[in-house]
Amino acid sequence: MPTFSKNDSHYMSIALKLASQGRDGVKANPMVGCVVVKDGQIIAKGYHQTFGEAHAEINALSQINNQADGATLYVTLEPCSHVGKTPPCAHAIIDSGVNQVVVATLDPNPLVSGQGVAMLEAAGIKVNVGLLEAEALTLNRGFIKRMQTGLPFVTCKIAMSLDGKTSMASGESQWITAKAAREDVQHLRTKNQAVMTGSGTVLSDNPSMTVRLNTTTMSPLRVVIDSQQQITDQTLNIFSNDAPTLVLDPNNSKTLDNGKLDLTDVLKQLGEQGINTVLLEAGPNLIGAMIKENLIDEFVIYTAPILMGSNANSMATLALDAMNDKIQLNLSEIRMVGDDIRITANIKT
């Protein structure tokens with residue numbers, strides 16, 4: 001592993017913050033930031049702003065008329081080496097006169113990973129890879145998973161009581177958590193390209209599933225799993241004009257022998273549409289099915305200081321009969337959101 005200085009880390013951290021600003025605009029593309037440094041001073045910086053338009057390196061180099069003789073370029077993802085919707089960034093870097101490039105992480109696409117670095121090194125540019133790599137991988141975890149597996153990164157959001165209940169037996173569930181937690185969910189939606197639910201939730205709660213914040217952030221694509229083709233009423237809130245909606249049913253998705261949709265195929269369809277991240281906000285049946293198929297990458301669980309009793313519905317329909325069948329979670333974060341507890345976890349493998 002190469003050795004990086006404190007200054008190197010400082011410049012790359014700036015590039016990572018820049019990259020995150022592209023979340024709303026890059027769509028299927030990764031978020032990428034770039035900083036150009038010469039004689040200890042930042043002379044240019046940029047990020048990938050809009051899908052199909054200039055990448056981070058081009059946006060940065062254009063600020064200095066593509067003249068970066070003797071400079072070091074810090075970029076959060078390996079510069080592209082192929083012609084896509086834009087020309088290769090590696091060519092622009094070579095032509096600019098940069099003599100060193102520091103990369104957080106390689107391109108996750110196994111067909112191209114390392115080729116950008118090889119092109120730069122062949123031109124005599126020193127390249128070091130791996131600075132703040134964990135942060136870069138986290139930033140683009142959805143893009144990386146889709147490149148490697150064809151499936152988006154799935155986060156499952158759950159609001160439950162201390163005794164693990166998500167609704168009363170009647171279906172009543174408003175509100176388990178307090179206002180601060182519900183607002184936090186709105187921010188969680190802004191970080192995902194799609195929000196997915198089941199037809200049962202749509203029919204019982206009539207949710208809008210849009211982003212309700214005082215921002216210009218676009219609401220994610222709403223995806224409804226409708227194995228029984230129950231969603232026919234176009235006046236439901238899920239069909240409001242403030243966000244697109246995709247209903248998946250046996251007419252447009254693969255089904256299993258039990259008549260349910262093949263959830264892996266559902267996610268594959270979303271991946272083919274360039275969806276990197278999905279937020280699952282659903283009832284216990286769909287959540288349980290997703291857990292059984294090992295399709296949930298992360299849980300964000302809001303736990304309210306209330307008890308809802310034994311007649312209430314559990315967070316997931318999982319028929320486990322013995323302790324050996326238990327599902328172990330890794331807890332990565334626990335913090336308070338108002339009066340509620342926010343737990344971030346993933347299934348231990």
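Is Glu-298 buried or exposed, and what is its relative accessible area? Glu-298 is buried, with a relative accessible area of 14%, where buried means under 20% relative accessible area, exposed means over 50%, and partly exposed lies in between (1.4 Å probe, protein chains only). The model is predicted, so that local features need pLDDT of at least 70 and side-chain atom pairs count only at pLDDT 80 or more, whereas totals for chains, interfaces and linings use all residues. Residues are numbered from 1 along each chain as its sequence is written, and side-chain values use heavy atoms, with hydrogens and water left out.

Eight strands form an open sheet of mixed pairing, in the order 10-9-8-11-6-12-15-14. Helices (H or I, at least four residues) and strands (E, at least two) are DSSP runs numbered from the N terminus, and two strands pair if DSSP finds at least two bridges between them. The edges of the sheet are strand 10 (245–248) and strand 14 (329–337), each of which pairs on one side only. From one strand to the next, the twist averages 20°. Within the sheet, strand 12 (residues 298–304) and strand 15 (residues 340–347) pair in the antiparallel sense over five bridges. Phe-299 stands opposite Ala-345 in strand 15. In general, strands of a sheet pair through backbone hydrogen bonds, either parallel or antiparallel.

Helix 7 (residues 179–190) lies across strand 6 (153–161), strand 11 (277–280), strand 12, strand 14 and strand 15. Contact is defined as heavy atoms within 4.5 Å. The helix runs at about 165° to strand 12; axes are lines fitted to C-alpha atoms, for helices over the stretch in contact, and angles run from 0 to 180 degrees between N-to-C directions.

The structure holds seven salt bridges, each defined as a side-chain nitrogen of Lys or Arg within 4 Å of a carboxyl oxygen of Asp or Glu. One of them joins the side chains of Glu-298 and Arg-141 (2.9 Å, N to O). This pair links distant parts of the chain, with Glu-298 in strand 12 and Arg-141 in helix 6 (residues 141–149), 157 residues apart. Arg-141 is partly exposed, at a relative accessible area of 30%.

Arg-342 forms a salt bridge with Asp-184, the closest N and O atoms being 2.8 Å apart. Arg-189 counts as buried at 7% relative accessibility, and Glu-281 counts as buried at 7%.

Helix 3 (residues 89–96) and helix 4 (residues 115–122) pack at an angle of about 20°, with their axes 10 Å apart. The two helices are therefore roughly parallel to each other, since angles under 35 degrees count as roughly parallel, over 145 as roughly antiparallel, 65 to 115 as roughly perpendicular and the rest as oblique.

Most residues other than glycine have a negative phi, and most peptide bonds are trans. The peptide bond from Gln-174 to Trp-175 is cis, with omega near -10°, and Trp-175 is placed in the loop between strand 7 (165–167) and helix 7. Phi of Asn-66 is near 60°, a positive value; this residue lies in the loop between helix 2 (56–61) and strand 3 (72–75) and is partly exposed at 37% relative accessibility. Asn-206 has a positive phi of about 50° and is found in the loop between helix 8 (199–205) and strand 9 (221–225). In helix 10, Leu-286, Ile-287, Gly-288, Met-290 and Ile-291 are buried, and just after this helix Asn-294 takes a positive phi of about 55°.
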